[in-house]
Amino acid sequence: MKWAFFSSRPRRGSPTFAPLFEPVVTRGLLGVLLVFVALGTIHLFAIPPFAPLDEPRHIAYAIEIGEGHLADVRDKVQLQKLHVRHIQGTHMMAAAAHPPLYYLFVCLPLKWSSQSGDLTWGTWVSRGVTLLLGIIGLAYAYLAAALIVPLKRSLALSATAFCAFMPAFDNVSALVHNDSLAFLTTSALFHAVLLVVLQGPKRAALVSVGVWASLAAATRFASMVVVAPALGAVALVLLLAQDKPWRRRIRETLLIGLALLGAVAATSGWFYLRSYRLYGDVTAAKALVEGLNRPVRTSFLHNIVTPALWRTLVSDLWGRLAGGVKLDGTVTLLGSVFFFGGLLSALRPLFDKARARGWAIVRGRQAAAIAFLVIAAAFVVLPIFEFYSRGGNMTARYYFPVLWIPLLGVAVGYGHFKSSLPGAAALVAAALLCVLTTEIYIGQLVGLKKGGLALDRGFMRADLPRPALLVSGLLVTIAVGIALILSAWSALRAGGSVGRAVSGQRRLTRHRSCLATAQCRGSRCGCWRGDRASPARARLRVSGRRNSLHP
């Protein structure tokens, strides 16, 4: 007997199976990626190499890996390989706390440019690779969000756009950091697990879970912790959501679970065991804190219940960017109001739906999918408070792997109104606030003292030809991207082609059922139009069964 929690088997004609990429969705995602690429390009070229505090250590670690040496976090950064006399912050090889997957993508251009005596072009190429990983990650974030809200794809598009409009996310995604790869691997893992939960444990989805779980664990600890709830969700689906004898379910769950765990252990288990052996800690945080001489702060439980720390995690999305620049005042206030205002506004539609459905907001597989996302987000966010209590820094980029999850709630808050004005205004306001924050950030980083845009000054310092023309082109690209997003968002909100696709699948289901009665009249039959007099509907009325062909 099937477990009641998963009793709602998804049908082929249900919205869960609706195509995720259509012309209107492609137009909206194109707009998101245009804005993200334009903002990322600004950060890529306007920020001087080694200006961000942590980037020199990531570059030094990548060069060591390119030379075939896996460094220790207690090793010193070799400044002669960076061709500089001094770097900001500690000289410890702090980036060696991360597995080497990301650095394999960027080690060769950095190694070759270091050998040539000028790391500038190698840094730019590596930043471009990071930006490309962020582009793919945004696409997977949309795919995962669209599975949660299959009939409201405008909310999924808004959540993806809000990710691209976060200044801290754009900033880190255009530097030599592994946060962009962590966002990509976890977003793809979320998509694969949601496919298993919502559409059943198919072979392709299970293989995708194994691949992305292995890559997520091999990127950094913040993405590795997502693997535990992901594999747990898959195990529950295999164990409880199949019409098979219990003995066979248990056997399949054990075999598939061991295969997935084996894949993760083979790709990254060796690195975390090495860290535990060297530092007594799989995250190497103990060795880092001791080397930096940072004091132990208040307890983990005290940090969890401190509202100021939660506000800091949110305001840092606008106020704390790489390079030691801390923005306070209007920018962070507007960002916090935008974020918390959207989350608070999302409570009303949830409350209304709860009252209408007897406090069962979602049921069956959809409830399981949302529970998995909430647990995964907790697995990523809570260790940040533990790291802070042990003397580490608290920064927003540590929860970038699950950034789109709270932003989906923000999208619900601004998109549930009958009028489309709040949702459209939120998109435009988030984009303008991101551009304003970027301008202020670049101005502080390059030390702008005269008139004009700081973006022009940043491009001039990078020795790019016609900096004013380049900046103007990027700003026009951002405007075009916002226009495409608003156009697609309006079409999806009004029904768009997603509704027509779902309706077409339902019509096809009715038609196939009518063909089974041998009474179908082809294009003249009412089954294709959904008429009440069609043979398929008549057969359902006579049999007295529930009309599963017209949900």
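**Entry 1: Arg220 and Asp179.** I began with the side chains of Arg220 and Asp179, which meet in a salt bridge at 3.1 Å, N to O. By salt bridge I mean a side-chain nitrogen of Lys or Arg within 4 Å of a carboxyl oxygen of Asp or Glu. Arg220 sits in the loop between α9 (203-217) and α10 (221-224), while Asp179 belongs to helix α8 (residues 179-199), so this pair ties together parts that are 41 residues apart in sequence. I take helices (H or I, at least four residues) from DSSP runs, numbered from the N terminus.

**A note on the source.** This is a predicted model, in which local features need pLDDT of at least 70 and side-chain atom pairs count only at pLDDT 80 or more, while totals for chains, interfaces and linings use all residues. Residues are numbered from 1 along each chain as its sequence is written, and side-chain values use heavy atoms, with hydrogens and water left out.

**Entry 2: How covered are they?** Are Arg220 and Asp179 buried or exposed? Arg220 is buried, at a relative accessible area of 6%, and Asp179 is buried too, at 2%. My scale is this: buried is under 20% relative accessible area, exposed is over 50%, and partly exposed is in between (1.4 Å probe, protein chains only).

**Entry 3: Glu64 and Lys81.** Next I looked up the salt bridge of Glu64 with Lys81, whose closest N and O atoms are 3.0 Å apart. Glu64 is in helix α2 (residues 55-66) and Lys81 in helix α3 (residues 79-82), so parts 17 residues apart in sequence are tied together by the pair. Glu64 counts as buried at 4% relative accessibility, and Lys81 does at 18%.

Entry 4: Arg248 and Glu252 form a salt bridge with closest N and O atoms 3.1 Å apart. Both lie in helix α12 (residues 246-279), four residues apart, about one turn of the helix. Arg248 is partly exposed at 39%, whereas Glu252 is buried at 18%.

**Entry 5: The wider tally.** How many salt bridges does a search of the whole structure find? I noted 10. Shared partners join Asp54, Arg57, Asp179, Arg220 and Arg397 into one salt-bridge network.

**Entry 6: Over to the surface.** Trp121, placed in helix α5, is partly exposed at 37% relative accessibility.

Notes:
Helix = DSSP H or I, 4+ residues; strand = E, 2+ residues; numbered from the N terminus.
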